[in-house]
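Please keep the sequence and the model in view while reading.

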Amino acid sequence: MNTPVLEQIQAALATVNDPEIKRPITELGMVESVDIDDTGMVAVRVLLTVAGCPLKDTITRDVTAAVSTVPGVTAVDLDLGVMTAEQRAGLKEILSGGQAQREIPFGRPDSLTKVYAIASGKGGVGKSSVTVNLALGLAAEGLKVGVIDADIYGHSIPAMFGIADTRPTQVDDLIMPVPTASGVSVISIGMLKPRRDQVVAWRGPMLDRALVQMLADVYWGDLDALLLDLPPGTGDVAISLGQHLPSAEVIVVTTPQEAAAEVAERAGTMASMMHQRVIGVVENMSYLACPHCTPEGKEHRLEIFGSGGGARVAKTLSQRFGYDVPVLADVPLDISLREGGDAGKPVVESDPTSPAALALRAMARDLAGRGRGLAGMQLGLTPSSKF
């Protein structure tokens, strides 16, 4: 077999991405050797980052499929090995790009990733459901999306994505986020615990270190959008996020009733105190479409939790901040939204024509189409005097 065929095989291997790192395996030094015999049999040895890589079956399938498309290849014999400590160190150097250890890439002035912090004044308003479905909606718009489950105590994001029992791969002290079928990458403190049922009982300094670890020690790659599901209220994590990512844009989630709206205003005000911009309000559980009304007739909305909470929060924050804080979405009560979260199949994918999915997809389209303004962005400029 001549050199041009070897080059074609190398080109085919370059189309295979590591499913966790999402970069070509040839670029990452994972292809150790390629040999071809006279019959067209191709022997490929690929090095996994760690022994027992959870996605080795995906790598096997993708490598075999890619090499099989090359003209003249009759069979593929794939051998999986494991990187040595030195090879992993080299991979880590490639991934970090020479950046300083524990640097938060999204806090750099030249970062192009839009960071959305999903906040609420109290628990139980569906903040995590909004986060998961918004992430999938943005991914459906063609964006590369990552999600950090920063709700340290109430981490429910992995279960909602259907990856609650999945553990991230670690390359030395660099952590790979867990990929989902939709392409969204996820990390949660729940994935880093020894057991799923283990309770997290941490106070301020530990919470800050956990947030920094998920921001700085995880290899996120080039993301278009990063969503953080914050704990409810105005506690330690919200303060830490404001200190580490002051350019993050905040979305406040509330329900219609007065009690929820009042505390949601506090969450928005807290973000402003940390010099973050509140870009909008989501009213979740906004109404229930009457099941007895026919599609042809006028929709009859049952306002189970009252009405106007989202509009009130948006109006109050707009007046308080001096800029427009719109209502981004009114998400109705929808049984498929709840069922999707429980089953690990979010409604945006499992039932895309449902009322809740349509509202969340519309919000995702609006956010995907908006530009990143300079308001609130740290430009990394130092003032100087000129005499």
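Two residues are in contact when heavy atoms lie within 4.5 Å. Of the contacts in the protein with a separation of 6 or more, 76% are between residues 24 or more positions apart. This is a predicted model, in which local features need pLDDT of at least 70 and side-chain atom pairs count only at pLDDT 80 or more, while totals for chains, interfaces and linings use all residues. Residues are numbered from 1 along each chain as its sequence is written, and side-chain values use heavy atoms, with hydrogens and water left out.

**Overall composition**

- The protein has 13 helices and 15 strands; these are DSSP runs numbered from the N terminus, with helices being H or I of at least four residues and strands being E of at least two.
- Of the 387 residues, 48% count as buried, where buried means under 20% relative accessible area, exposed means over 50%, and partly exposed lies in between (1.4 Å probe, protein chains only).
- The protein exposes about 18100 Å², of which carbon and sulfur atoms supply 52%; accessible areas come from the Shrake-Rupley method with a 1.4 Å probe, and for residues only the protein chains shown count as cover.

- An open sheet is formed by 3 strands in the order 1-2-3, with mixed pairing; two strands pair if DSSP finds at least two bridges between them.
- Its edge strands, each pairing on one side only, are strand 1 (31–36) and strand 3 (75–82).
- The twist from one strand to the next averages 15°.
- Strand 2 (residues 41–48) pairs with strand 3 in the parallel sense over 8 bridges, and Ala43 has Asp77 as its bridge partner in strand 3.
- Helix 2 (residues 56–68) packs on this sheet and touches strand 2 and strand 3, its direction making about 145° with that of strand 3. Axes are lines fitted to C-alpha atoms, for helices over the stretch in contact, and angles run from 0 to 180 degrees between N-to-C directions.

**Gln87**

- Gln87 is located in helix 3 (residues 85–96) and is partly exposed, with a relative accessible area of 31%.
- Leaving aside neighbours within four places in sequence, Gln87 is in contact with Leu47 and Val82.
- Met30 is 57 residues from Gln87 along the chain, and the C-alpha atoms of the two are separated by 9.0 Å.

- Strand 11 (residues 249–254) and strand 12 (residues 277–284) pair in the parallel sense over 6 bridges.
- In strand 12, Val281 is the bridge partner of Val252, and Glu283 is that of Thr254.
- Strand 12 is mostly covered, with 7 of its 8 residues buried.

**Cavities**

- The structure holds 2 cavities of 30 Å³ or more; on a 1 Å grid over the protein atoms alone, a cavity is a set of points where a 1.4 Å probe fits but cannot get out, and lining residues have an atom within 4 Å of a point.
- The largest cavity contains about 80 Å³ of space, a volume being the space filled by probe spheres set on the points, which are joined across faces, edges and corners.
- Residues lining the largest cavity include Ala119, Leu230, Val250 and Met270.
- Helix 9 (residues 258–273) provides the largest share of that lining, 3 residues.

Definitions and conventions:
1 Å grid on protein atoms, 1.4 Å probe; cavity = no way out; pocket = protein on both sides within 12 Å on 5 of 7 lines; lining within 4 Å.
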